[in-house]
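Dear colleague,

Please find below the structure I promised to pass on to you.

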Amino acid sequence: MQDKNIDRKKGVLNSLIRTSFAPKIIEFSSSGLCNRKCVFCPRSSSEYKHTNSHIEASAINKIAHELADYPNDYFFLFSGFSEPLISKDLEEWIGILRSKHKNSRIEINTNTDLLNKRRVHKLIDSGLSAFICSIYDSEERAQEVEQLFKECGLTKDKYELRRRFLKKDLDGEEALKEFGITLSNRGGTMDKAAYSIQSLREPLINECYYPFYTLFMDYNGDYLICPHDWGKNSILGNVDRDHIIKDIWQGDKMEKFRKSLLVADRTCSASCAVCDVEGTMMGGNEVEEWKQWTELKKH
């Protein structure tokens, strides 16, 4: 059973209006912090480095302006390796993106611990499209969060509750079908986590489509090949010195990764070589878009 969020995200991607080959999902890891240390996360390791640093508004502003030259709809996602609500400037960042991208989708993935009525209203007013909520504690907590959204006047298209506390051994296959989480070794960084998932000894012989539809930016402005690269081994560039489309998305490094991963060669990076993510649950349509784009470049 796969996480139902995959089908939801596919639907979002397919609904985006496009005029050129550009990233569809632009994911931000808003800081070096999280208020939890979930067992299935690299942060549960005693060796994980937590950093009290956050994205700069200037970085978001630069990205928003650069992407505005390519009249596409985008799916902006605040998630990554952190809890977005820790960052006090989250509303400002969302407002910057919304001002330049009226029809794009902007979401946050949150554990809801820091959520309250004031924050809900501020985020919606800034231009947030939806809250995607991972509930790790209990059904009681899920109902509390839903009641909070109702009291704030949010309709169900503005939030989704993912009951991450359900377990297959207790709740059966339905737990995975409805609210399951797809566990991975996070690019080979789960060896020492509380719930250890070992790095692969040999690279997985499987295609991977992530670089065809997703671009990931860390809190320090580094562009990474993939949101699974918790080891941050495959840095494509940095927002301060590189253009998001010309230098990163259409750059030589990204093209090298695409060509390798499309023929199931995961030796192209240290993270890909030990990653256990299947890699083709999404992105098939975007692979075809890339092929068309590469053909057009030849002429």
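With a relative accessible area of 0%, C133 is buried. Please bear in mind that the model is predicted.

C133 accordingly takes part in none, and the nearest cysteine sulfur, that of C152, is 11 Å away. Another cysteine examined was C226, which counts as buried at 12% relative accessibility.

The lysine. K9 belongs to helix α1, which covers residues 4–15. This side chain is buried but has no salt bridge. The nearest side chain of opposite charge is that of E27, at 5.4 Å, whereas a salt bridge calls for a distance within 4 Å. When neighbours within four places in sequence are set aside, the contacts of K9 are I25, F75, L77 and M282.

The surface patch. Which residues form a nonpolar patch on the surface? They are V39, L183 and Y195, which together have about 270 Å² of accessible area. Y195 is located in the loop that connects α7 (173–179) with α8 (210–213). The relative accessible area of Y195 is 45%, so this residue is classed as partly exposed.

With kind regards

Methods: Residues are numbered from 1 along each chain as its sequence is written. This is a predicted model: local features need pLDDT of at least 70, side-chain atom pairs count only at pLDDT 80 or more; totals for chains, interfaces and linings use all residues. Side-chain values use heavy atoms; hydrogens and water are left out. Patches are made of residues with over 30% relative accessible area and no salt bridge: like charges are joined within 9 Å, nonpolar side chains (Val, Leu, Ile, Met, Phe, Trp, Tyr) within 5 Å. Accessible areas come from the Shrake-Rupley method with a 1.4 Å probe; for residues, only the protein chains shown count as cover. Helices (H or I, at least four residues) and strands (E, at least two) are DSSP runs, numbered from the N terminus. Buried means under 20% relative accessible area, exposed over 50%, partly exposed in between (1.4 Å probe, protein chains only). Lys and Arg count as positive and Asp and Glu as negative; His and the chain ends are not counted. Contact means heavy atoms within 4.5 Å. A disulfide is a pair of cysteine sulfur atoms within 2.5 Å.
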